[in-house]
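I opened the model to look up a few items and note them down.

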Amino acid sequence: MIRVGIVGLGKMGLSHQAILGANPDVDLVGICDSNSYLLGILNKYTGVPTYTKLEQMLDEAGPQALVVATPSRFHASMVRAAIERNINVFCEKPFCLDAREGSDLAAEARRRGLVTQVGYHNRFVGSFAEVKRLVDAGAIGDITRVLAEAYGPVVLRPSGGTWRSKRSEGGGSLYDYAAHPINLVNWYLGAPSGAGGTALTKVFSGEIDDEVSSTLFFESGTTAQVSVSWSDDSVRKMTTRVTLWGTRGRIFADRQECQVYLRDGSPLLTSGTEQYRQGWNVKYTTELTAPVDFYLRGEEYSAELERFVDRCSNGEVEGVNSFDDAVITDQTIQTMIDDAQRGAQTRYGGDTDGDVAVRHSHTQPRRVPAIRRVVRRLARR
Amino acid sequence: MDRLLFGDNQFFGVNHMSEEKARAQQMQFQDTAAIMRVLDIAYAAGVRTFMCTTHERVAEVCDEARENPGRFPDLDFFPCMPYAHKYADAVTERGLVDALRRFLPSSGFVDAALRSTSSLAKKDIEGIATLLIDAEMKMFDGLRTPVIWLQNVVTDLLVGLGFDDALRIFSDHVREKYKAEPGFITMNLPLLLDHLDRAGVENPLVCANINKIGFRMSGGIAAYQAALEARPFRAVAMSVLASGAIPPAEALEWVCAQPNIESIVFGASSASHIQQIVSLVDSLWDTEATHRSGSTELRRNV
């Protein structure tokens with residue numbers, strides 16, 4: 001039996017509370033939030049002890065593990081409070097808004113032998129896990145190019161009063177949406193060596209990005225394009241998808257299915273143990289997804305917490321989605337932000353403009369394209 | 001209750017197998033007229049129950065059913081509420097309290113309840129819950145709704161939280177105000193039955209995935225079979241084809257052989273699929289009828 005506390009009872013926190021509440025190996029010793037209205041209801045009807053101060057919950061309820069599901073800007077300080085008390089931590093994504101701080105926390109947790117995990121739930125989706133298995137087995141040979149996408153209907157009008165609409169609190173589609181496909185790219189290919197052509201564009205928002213496009217470069221020569229929008233209501237709910245091209249084939253996956261095209265020479269075709277054949281192969285979630293003991297919104301949400309609880313019970317410091325893994329994604333995001341601010345582009349007409357910030361936003365003035373500057377200069381002569 | 005209930009996932013791009021197929025379906029059913037045409041086919045095939053979400057497009061189907069009462073004279077609606085994405089998106093955009101405000105009628109009571117900072121009286125929870133139910137039911141005014149379902153995402157959230165009183169509040173309000181049978185959709189059948197017992201909801205109507213491969217049957221296929229055999233509840237099977245992973249004949253043969261299942265929900269968008277399911281269930285359940293004691297009676301007692 002593991003004693004668990006939860007801080008932050010938004011959508012993810014409540015979902016985690018329900019999943020942990022149904023887990024017979026978990027003793028939910030406290031929940032903490034600033035919304036006393038919600039705490040009142042939960043205390044009265046579910047009997048769980050409630051707190052409005054994290055430190056008080058950690059000291060009085062004595063959890064062995066803490067789930068952090070607050071707005072992103074609080075992650076670092078709350079994770080630190082738990083680590084200092086030698087409490088294992090499951091933190092929602094993104095891990096930390098300051099990648100260096102995240103890296104320090106990861107090192108400190110490791111030094112203390114704590115179990116850490118970040119809520120990148122796609123690594124627990126059967127089809128995305130199958131991609132990882134295939135990539136590691138060299139199924140499509142050397143990977144040359146990746147397309148990592150996420151689309152969904154979150155911001156569809158110019159309003160929004162929650163932390164998700166504030167840059168300083170970790171709002172914006174880069175942290176909220178793009179973090180998922182970027183994390184998958186990190187899982188499959190590791191840390192990139194750099195980012196280029198990053199554009200963080202607005203559709204409806206005043207302060208933050210609604211769309212992300214970027215190219216990630218890897219030492220191997222592989223490139224990964226990131227394409228994200230949370231202002232796309234042509235999809236019913238968030239959809240994350242990855243496509244990988246390699247010298248021996250192509251893989252496409254979303255949360256429902258994994259479509260694999262294998263070319264002659266794929267090691268999978270000669271392994272003798274695989275069910276894959278030359279040409280197209282399609283595997284569906286029904287065969288790729290392992291059952292869970294309690295289902296709420298998708299197997300992955302239960303599976304990630306089941307895994308975390310198991311790791312805590314067994315003291316397994318190594319595991320998928322550790323802080324160390326999540327720091328790579330934080331660093332990738334930070335690199336993309338830096339790249340977007342640098343705003344380099346090769347201009348039509350041949351000028352390279354490397355040191356001036358250029359945002360492709362509807363709300364900011366654009367620089368006069370180089371070709372027109374040349375035309376004007378010629379006209380003045 | 002009819003033994004075949006017609007579902008609506010196929011109309012709104014809900015497909016657990018393929019996002020591509022889901023998108024194709026969204027395009028196919030963009031116009032409500034396309035939904036109506038499939039309902040015509042299902043009705044002609046003998047289907048008399050439409051088990052539908054409270055999606056805004058269903059409101060248009062309801063309008064049509066009211067305006068042309070001769071089109072589906074014997075059609076029952078089984079609303080499933082809430083349409084969760086509507087609320088989830090609003091919570092993401094506005095935060096919990098503002099989202100609630102948006103969906104509740106403006107009244108002194110609601111404002112007072114949402115301003116309250118201390119722990120809430122039970123009547124407040126009941127008040128908010130019943131106002132939300134009434135808001136979702138508005139589109140069915142004047143139509144027959146003998147069963148009203150709580151969607152699995154809410155049922156299972158309440159089960160996980162141990163918020164059993166809310167299950168009871170839903171049940172009581174549906175019976176008292178709508179004179180309807182409350183139903184609970186779940187992905188965790190054995191666990192839900194324990195919580196309904198605790199909440200004092202007797203012989204509940206429960207809809208759960210029941211399929212040969214155990215797809216999304218949390219707790220395991222054996223626990224589901226034991227519950228069907230021994231526990232006092234009325235079972236409705238959904239996802240019997242496991243999103244298409246099992247061929248219809250094989251899937252239905254297995255489901256119809258399970259004990260004490262009253263009804264099956266199915267979704268289909270072509271005449272041939274609808275007719276195939278209807279005739280398979282007709283032939284399979286007729287031969288099973290002898291050891292399904294009292295089932296014929298049960299089918300019509302809602």
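**Conventions.** The model is predicted, and I kept its limits: local features need pLDDT of at least 70, side-chain atom pairs count only at pLDDT 80 or more, and totals for chains, interfaces and linings use all residues. Residues are numbered from 1 along each chain as its sequence is written, while chains are lettered from A and ligands numbered from 1 in the order in which they are written.

**Chain contact.** I looked up the contact between the chains, counting two residues as in contact if their C-beta atoms, placed from the backbone, lie within 7 Å. Chain A puts in 37 residues and chain B 43 residues. On the side of chain A that touches chain B, the elements giving two or more residues are α1 (11-21), α2 (36-46) and α9 (285-288) of chain A. Of these, α2(A) gives the most, with 9 residues. I take helices (H or I, at least four residues) and strands (E, at least two) as DSSP runs, numbered from the N terminus. By type, this side of chain A holds 15 nonpolar, 13 polar and 9 charged residues. Here Ala, Val, Leu, Ile, Met, Phe, Trp, Tyr, Cys and Pro are nonpolar, Asp, Glu, Lys and Arg are charged, and the others, Gly among them, are polar.

**Domains of chain A.** I find domain 1 (2-122 + 295-334) and domain 2 (128-288) in chain A, with bounds from an automatic or database domain assignment. Their centres, taken over C-alpha atoms, are 25 Å apart. In the contact between them, 13 residues of domain 1 of chain A meet 17 residues of domain 2 of chain A. The domain 1 side divides into 6 nonpolar, 5 polar and 2 charged residues.

**Cis peptides.** I noted a cis bond between A:Lys93 and A:Pro94, with omega about -10°. A:Pro94 sits in the loop between β5 (88-91) and α5 (99-111) of chain A. In chain B, the bond from B:Met81 to B:Pro82 is cis, with omega near -10°. B:Pro82 belongs to the loop between β3 (76-81) and α4 (84-94) of chain B.

**Positive phi.** I checked A:Asn321, a non-glycine residue whose phi is near 65°. A:Asn321 is in the loop between α10 (299-314) and α11 (323-342) of chain A. B:Asn203, also not a glycine, has a positive phi of about 40° and lies in the loop between α10 (189-199) and β6 (205-209) of chain B.

Which of these is buried or exposed? A:Asn321 counts as buried because it has 26 C-beta neighbours inside 10 Å. B:Asn203 is exposed, with 10 other C-beta atoms within 10 Å. The cut-offs are 20 or more other C-beta atoms within 10 Å for buried, 12 or fewer for exposed, and partly exposed in between, with C-beta atoms placed from the backbone.
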